[in-house]
Every structure is written in structure tokens, then in C-alpha cells.
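Hi there,

Here is the model I promised to pass on. Please have a look at it first, and then read my notes below.

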Amino acid sequence: MNYTTDFKSIRAEVSAQEWQARVDLAACYRLVDKYGMTDLIYNHITARIPGSKDHLLINLYGMLYKEITASSLVKIDIEGEIIWKPETDYGINKSGYVIHGAIHKARPDVACVLHTHTRAGIAVSAMKCGLLPLSQTAIRFVGHIGYHDYEGPAVDLDERERIVSDLGPHDALVMRNHGLLTCGATIQQAFNTMYQLELSCRSQVDAMAARTELVMPGENVLAHTAHLYQPGTRRPYGVLEWPAMLRLLEAEDRHSGYPPYWH
Ligand SMILES: [Zn+2]
């Protein structure tokens, strides 16, 4: 089997828009790895190719997130059918794409969908209380997060509809007994939201494990604060943060032994 991960650059073969989406999505995979949000080779981050009609990018199933490069990403249509992939025996995980496909189909405002199985995310997903407004970081999700009950690993067509309706207009979803999902108008924004949601979950697990009485701000403060932290209120997220994230990756990729994400 050809499971090598040294892919030739396809920069000259795709549009400038597609190449940019590939570079940003590959960087997003690396950042999710860097911040400890991976689960072996599992899960996906998908991104719509700007200027295309419902074409998306997804990872080859079997690669570590820290191995993913711009040229290794697979181009699929919204149903998950492969349009282009590099020469390799790796394919895509179609059943894993089902959740992403449902959201991309139902939410044209969404450019990127990110799903994780992290220790803290899974822990909070199993808590009856859900995500609590215990920190400034978590308060942004008050009234802006959905919950989807666990129905088993096989995602059928009915469940797709329930995932979409449980997500509603939000950019964050707690998948009960399973993990977390975020989406956004840009790759940068979906990553930023996932970073904040993951940090909120880690903080909640730590605070609850401390076995002391916890304080929470009053209702009036919560709604107002959540509003101020929405991407549309003051500024979109990811714009200021992303160049710094890329500088961080670039400096580290030089010494990592893995191909740079921008290849
Ligand atoms: Zn999952």
C-alpha cells in the first residue's frame, strides 16, 4: 500500500483562491494538533473552496494532523464524492464527513466545520449541566451554543436534520457523550471559536474538580457579555490572530521533521 506522506505541490495546478483555502486549512489542522485537540488520525476539518460551487476540502483519512499539507487535501463535492485526491492509497472517511456535509449543505454562511474529540470536550459533553458560564471565555457561548443528544455512531439522514436543527444559527455545538463542533464564516473564525470552546471546557472541568463552591455572574451580565463577544459585534475573530498563528507554525515547522503545511 502507498501510505507515504510526501506529496508534490499542486500550487500551479489550482486557482489562487483554492490554494489559499488549502494553505489556511492545512494550517488549521496543524494548529488543532498544536493545541492538543487531536484524536489519533480521527475527525475532520472541512472548508468550502471560495468561488466554487459547493466544492470542499477535507483531510486524507489516516494521516496525522501534523502531517497535513496544502497539497495533500482532498477536493470533494457536498455529497462527499471525491473530485480530486493526490496519488495515494489513503482515501476519505465518508461516514465521518456526514456530519460536516449536513452543516455545509444547510448553512451557506459557513465556510468551515471543525469537529473534535478532546478529553475536556467529551467530559463537558457528558455533563447534564452542559457548558457553564464560569469564565469570561465561556460566557460568549451563553445563548449561542447548541446541544445534540447522542444517537450512536451511524449518522443517518434523520440524524443529519437533527444535528442541523440542534446547531440552529449558532457556530458551536456540544455533541452529547461525543465531543465538540464549531463552524464559521472563515477557517480562521471556526478555529478561534473551537480554541475558545475547548479552553472553556478545560476550565470548567478543572473548576468543577476543585470541589469548592463556584461563583457565576448574574443573568444581566451574561447576556450583555455574550453579545459583546459575538464575532459580528465588535470585530470578526481570527483576523488579528491568524498571522501570529502562522508565524508560530512557520517557526516550528522548520524544525519539526514534518513537511511544512504550506507545501
Ligand atoms: Zn466524532
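At what angle do helix 1 and helix 8 pack, and how far apart are their axes? Before I get to that, two points for reading the notes. The model is predicted, with local features needing pLDDT of at least 70 and side-chain atom pairs counting only at pLDDT 80 or more, while totals for chains, interfaces and linings use all residues. Residues are numbered from 1 along each chain as its sequence is written.

Now the helix pair. Helix 1 (residues 16-34) and helix 8 (residues 241-253) pack at about 75°, and their axes are 11 Å apart. Axes here are lines fitted to C-alpha atoms, for helices over the stretch in contact, and angles run from 0 to 180 degrees between N-to-C directions. Helices (H or I, at least four residues) and strands (E, at least two) are DSSP runs, numbered from the N terminus. The angle makes helix 1 roughly perpendicular to helix 8 (65 to 115 degrees counts as such). A27, R30 and L31 of helix 1 meet M245, L246 and L249 of helix 8; residues are in contact if their C-beta atoms, placed from the backbone, lie within 7 Å.

Helix 1 also holds W19. This residue counts as partly exposed because it has 19 C-beta neighbours inside 10 Å. For that count, a residue is buried with 20 or more other C-beta atoms within 10 Å of its own, exposed with 12 or fewer, and partly exposed in between. Leaving aside residues up to four places away in sequence, W19 touches R11, V14 and A70. Of these, A70 is 51 residues from W19 along the chain, with 7.4 Å between their C-alpha atoms.

Strand 8 (residues 179-184) deserves a look: six of its six residues are buried. G179, L181 and C183 cover one side and L180, T182 and G184 the other, and all are buried. Strand 5 (residues 112-116) pairs with strand 8 in the antiparallel sense over five bridges, and V113 stands opposite C183. Strand 7 (residues 172-175) is also antiparallel to strand 8, over four bridges, where L173 has L181 as its bridge partner. Three residues lie between strands 7 and 8 in their hairpin, and N177 takes a positive phi near 60° there.

Two helices lie across the sheet strands.

Finally, the overall picture. The protein has eight helices and eight strands, and 39% of its 263 residues count as buried. Its C-alpha trace spans about 55 × 45 × 35 Å along the principal axes. The radius of gyration is 18 Å, which agrees with the value near 18 Å for a compact globule of 263 residues; it is taken over C-alpha atoms, and the globule rule is 2.2 Å times the number of residues to the power 0.38.

Best wishes

Terms used. Angles under 35 degrees count as roughly parallel, over 145 as roughly antiparallel, 65 to 115 as roughly perpendicular and the rest as oblique. Two residues are in contact if their C-beta atoms, placed from the backbone, lie within 7 Å. Two strands pair if DSSP finds at least two bridges between them.
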